[in-house]
Amino acid sequence: MTQRTALVTGGTGGIGSAIIRYLAGQGHRVATNYRDPGKAEAWRKAMAADGIEVCMVPGDVSDPVACEAMIRAIEEKCGPVDILVNNAGITRDTTFHKMNYQQWTDVINTNLNACFNVTRPVIEGMRTRKWGRIVQISSINGQKGQYGQANYAAAKAGMHGFTISLAQENAKFGITVNTVSPGYVGTDMVMAVPEEVREKIVAQIPVGRLGKPEEIAYAVAFFTGEQTCWITGANLAINGGHYMGW
Ligand code: NDP
């Protein structure tokens, strides 16, 4: 296989770590960003102990200037980014009539504007090299909406609008752009939800359990593969049957 440089934003999180492990296992050079140097170093060491060397650069995905610097630093350390996974994300849940502007903008900036901030500095290089794979990690709640998540659902739905536009603009340049929309996966983000609420969520999942980060990573690796060149603009739901929209 061809070794590529893959950037997974939010790689230190639950799903991001699994994606990094999977892509590293396929032989790619892997990179991610961090905000907290202490936390990042502990995570880097844990990955290194498992034989995975991750190129780590500082960068807040909600900050366009920081992202430009982050991409240039990664390119300098491990070469042009051929695979980009826009994975970093946050929640600031509350019903809309109680939501303040900060909760709205934090989520839009981190989940949606980050797609601009991180993708814009890599897209021209991909177009020049005539090869690229871009995957957005959206959410089931971007597809179906969710009580208490107007900000998150809006951002996640917007990510797929971004995907299908970029897919059209870049198809002739060997670049595919796709979305993965996970259902509820047992990471810190979901384990922060009160247990009784989690139990109610699991009761709605036909497969009968939360997803595993590796199950999301597997789909990302499919979309980023060399042979996956005729699938672009897709939105793959991975949710244990929780939502079966067309
Ligand atoms: P985690 O909370 O485990 O990880 C989130 C990651 O994003 C962390 O590495 C975090 O870094 C990083 N991050 C957050 N904000 C920023 C920022 N401003 N700049 C840079 N990095 C940032 O979440 P998951 O692994 O569960 O989620 C990953 C993605 O999957 C998210 O986009 C989420 O919305 C999506 N998703 C998750 C689902 C789930 O059930 N878990 C379901 C559907 C979608 P730091 O340590 O600095 O905070």
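## Helix against helix, and a ligand shell

Helix H4 crosses helix H6 in a right-handed way, where right-handed means that the near helix is turned clockwise from the far one by less than a right angle, and left-handed means anticlockwise. Before going on, note that this is a predicted model, so local features need pLDDT of at least 70 and side-chain atom pairs count only at pLDDT 80 or more, while totals for chains, interfaces and linings use all residues. Residues are numbered from 1 along each chain as its sequence is written.

Stay with that pair for a moment. The axes of H4 and H6 (residues 150-170) come within 9 Å and cross at roughly 15°; axes are lines fitted to C-alpha atoms, for helices over the stretch in contact, and angles run from 0 to 180 degrees between N-to-C directions. H4 and H6 are therefore roughly parallel, a label for angles under 35 degrees, with over 145 being roughly antiparallel, 65 to 115 roughly perpendicular and the rest oblique. Helices here are DSSP runs (H or I, at least four residues), strands are E runs of at least two, and both are numbered from the N terminus. Among the H4 residues that meet H6 are Trp-104, Val-107 and Ile-108, and the H6 side includes Tyr-152, Met-159 and Phe-162; contact means C-beta atoms, placed from the backbone, within 7 Å. This contact divides into 9 nonpolar, 5 polar and 2 charged residues. Nonpolar covers Ala, Val, Leu, Ile, Met, Phe, Trp, Tyr, Cys and Pro, charged covers Asp, Glu, Lys and Arg, and the others, Gly among them, are polar.

H4 (residues 101-129) also packs with H3 (residues 64-78), at about 40° and with axes 8 Å apart. That makes H3 oblique to H4. Pro-64, Cys-67, Glu-68 and Ile-71 of H3 touch Asn-117, Val-118, Pro-121 and Val-122 of H4.

Now look at H1 (residues 14-25), which packs with H9 (residues 213-224) at an angle of about 50°, axes 8 Å apart. That makes H1 oblique to H9. Their contact has 11 nonpolar, 3 polar and 2 charged residues.

H1 turns up again at the ligand. There, 27 residues form the surroundings, the closest being Gly-10, Gly-13, Ile-15, Gly-89 and Thr-187; a residue counts as near if its C-beta atom, placed from the backbone, lies within 6 Å. H1 and helix H7 (188-191) are the elements giving two or more residues to this shell, which has 10 nonpolar, 12 polar and 5 charged residues.

Note on methods:
Contact = placed C-beta atoms within 7 Å.
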